[in-house]
Amino acid sequence: MTAESAAPALSPRTIAVVAGRPAGAGDPLNHPLVLASNFRAGGDYTRTHGTTTWQALEEAVGALEGGRALAYASGMAAASAIVYALAPKVVVIPTYSYMGVRNLLAEYRAQGHLELRPVDITDTAAVVAASDGADVVWMETPTNPTLDVADLATIGRACADLGAKMVVDSTFATPLLQQPLGDGAAIVLHSGTKFIGGHSDLLIGLCVTSDDAVFDRLVLARTYQGATPGSLEAFLALRGLRTMPIRLEASQKNAEVLIERLRAHPAISEVRYPGSGAMVAFVVAGGAAAADALCERVRILVPATSLGGVESTIERRQKYAGDSHVDPGLLRMSVGIEDVEDLWNDLAQALA
Ligand SMILES: Cc1ncc(COP(=O)(O)O)c(C=O)c1O
């Protein structure tokens with residue numbers, strides 16, 4: 001046994017800090033921001049070969065997920081790359097999940113490229129039944145915005161038996177709360193715009209796989225579709241990722257306190273929480289009008305559509321056509337790292 005193989009496995013908290021750094025004597029601690037499309041001799045070009053700025057982020061996300069990562073211009077660019085890379089004919093999708101990805105796949109169906117099989121991802125038997133004859137089983141767990149959870153271990157085993165590729169949008173879980181490659185996922189998808197970046201200042205997407213053939217297809221997708229990440233965005237996403245473990249711990253602690261108080265509040269009829277993470281959904285008993293009024297009254301929480309940042313955001317989702325199935329009074333809240341008493345006081349006054 002070599003000294004290296006005898007070393008204990010590193011904690012994700014440590015990986016987030018040490019992965020993707022230059023290692024040579026005299027090197028800077030951070031890979032510099034490479035602002036170049038072109039490289040002297042050798043034929044390297046950024047869209048086809050990447051840069052060390054991208055690769056540093058990819059190394060860190062890959063290390064956390066247990067695979068090899070590729071960065072894209074956004075989460076949607078990463079989702080589009082997956083469709084291009086796998087070119088599926090039959091896709092199992094969640095009936096309810098992030099509307100952008102569902103709309104993308106519906107567009108492919110409308111153009112006659114593929115067939116969709118929508119399923120309730122919490123009904124594992126239904127997912128497994130639908131997976132028979134499918135090329136791709138596209139899971140998102142927990143889902144946006146209702147925080148449904150899929151049994152990835154069982155669905156992953158079924159996909160292996162049936163010869164389907166499981167894709168998992170793990171944006172809400174982050175690479176810290178679940179590692180779907182261990183459940184047999186062919187590709188893990190992240191909108192790095194959210195918790196990985198963590199500061200609501202960039203758009204980026206990531207795909208992670210441990211299948212070399214799939215990796216090569218994902219490289220081709222980025223090369224031909226051209227949805228490359230920006231250099232500054234990749235740099236900032238890695239800077240954000242360094243503190244993701246402590247941000248997520250702080251957000252989750254806040255979420256747990258808020259959930260308990262929301263559950264006890266007479267104006268709230270339902271609280272949804274998948275058991276870990278920073279995303280909470282709750283239903284205001286007074287319906288759409290009461291939920292909208294709450295969003296207008298908050299002073300510390302920000303009424304905003306994105307999530308996963310240091311700041312708490314809140315939004316009523318049923319107002320979007322793509323989320324018209326959601327309870328009209330449902331608010332999706334991304335819990336930040338502010339002082340929890342300030343957050344509660346803000347929610348309580350807005351609910352009063
Ligand atoms: C679960 C999920 N997947 C993918 C995306 C798309 O990511 P992006 O906005 O970075 O394109 C989002 C965006 O909200 C999301 O919530």
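1. Phe282 stands opposite Leu331 in strand E12. The strands concerned are E9 (residues 279–284) and E12 (residues 330–334), which pair in the antiparallel sense over 5 bridges. Helices (H or I, at least four residues) and strands (E, at least two) are DSSP runs, numbered from the N terminus. Two strands pair if DSSP finds at least two bridges between them.

2. The model is predicted: local features need pLDDT of at least 70, side-chain atom pairs count only at pLDDT 80 or more, and totals for chains, interfaces and linings use all residues. Residue numbers start from 1 along each chain as its sequence is written.

3. E9 and E12 belong to an open sheet of 5 strands with mixed pairing, in the order E8-E9-E12-E11-E10. At its edges are strand E8 (268–272) and strand E10 (302–303), each of which pairs on one side only. Helix H13 (residues 287–297) packs on this sheet and touches E9, E10, strand E11 (313–316) and E12. Two residues are in contact if their C-beta atoms, placed from the backbone, lie within 7 Å. The direction of H13 makes about 155° with that of E11. For such angles, axes are lines fitted to C-alpha atoms, for helices over the stretch in contact, and angles run from 0 to 180 degrees between N-to-C directions.

4. Another open sheet has 7 strands in the order E1-E7-E6-E5-E4-E2-E3, again with mixed pairing. Strand E1 (68–72) and strand E3 (115–119) have a single partner strand each, so one side of each is left without a neighbour in the sheet. On average, neighbouring strands of this sheet are turned by 20° against each other, direction ignored. As background, strands of a sheet pair through backbone hydrogen bonds, either parallel or antiparallel.

5. Both kinds of pairing can be found in the 7-strand sheet. E6 and E7 run antiparallel and are joined by 4 bridges; the bridge partner of His190 in E7 is Leu206. E2 and E3, in contrast, pair in the parallel sense over 5 bridges. E2 also runs parallel to E4, with 2 bridges between them. Val91 stands opposite Leu116 in E3 and opposite Val136 in E4.

6. How much of E2 is buried? Of its 5 residues, 4 are buried, so E2 is mostly covered. A residue is buried if 20 or more other C-beta atoms lie within 10 Å of its own, exposed if 12 or fewer, and partly exposed in between, with C-beta atoms placed from the backbone. Together with H6 and E3, E2 makes a right-handed β-α-β unit. Right-handed here means that, with the strands pointing away from the viewer, the path from the first strand over the helix to the second runs clockwise.

7. Helix H7 (residues 124–131) lies across strand E2 (90–94), E3 and E4, and runs at about 165° to E3. Helix H10 (residues 212–225) lies across E1, E6 and E7, and runs at about 15° to E1.

8. Which residues come nearest to the ligand? Of the 14 residues around the ligand, these are Ser74, Gly75, Met76, Ser191 and Thr193. A residue belongs to this group if its C-beta atom, placed from the backbone, lies within 6 Å of the molecule. Helix H5 (75–86) and helix H6 (99–110) are the elements that give two or more residues to the shell.

9. Gly75 lies in helix H5 and counts as buried because it has 24 C-beta neighbours inside 10 Å. Leaving aside neighbours within four places in sequence, Gly75 is in contact with Thr171, His190, Ser191, Thr193 and Gly205.

10. Some backbone details deserve a check. A cis peptide bond joins Thr141 and Pro142, with omega about -10°, and another joins Asn144 and Pro145, with omega about 5°. Pro142 lies in the loop between strand E4 (136–140) and helix H8 (152–162), and Pro145 is also found in the loop between E4 and H8.

11. Thr174 is not a glycine, yet has a positive phi of about 65°. Thr174 is in helix H9 (residues 174–177) and counts as buried, with 25 C-beta neighbours inside 10 Å. Ser200, also not a glycine, has a positive phi of about 55°. Ser200 is found in the loop between strand E6 (187–191) and strand E7 (205–209) and counts as partly exposed, with 19 C-beta neighbours inside 10 Å.
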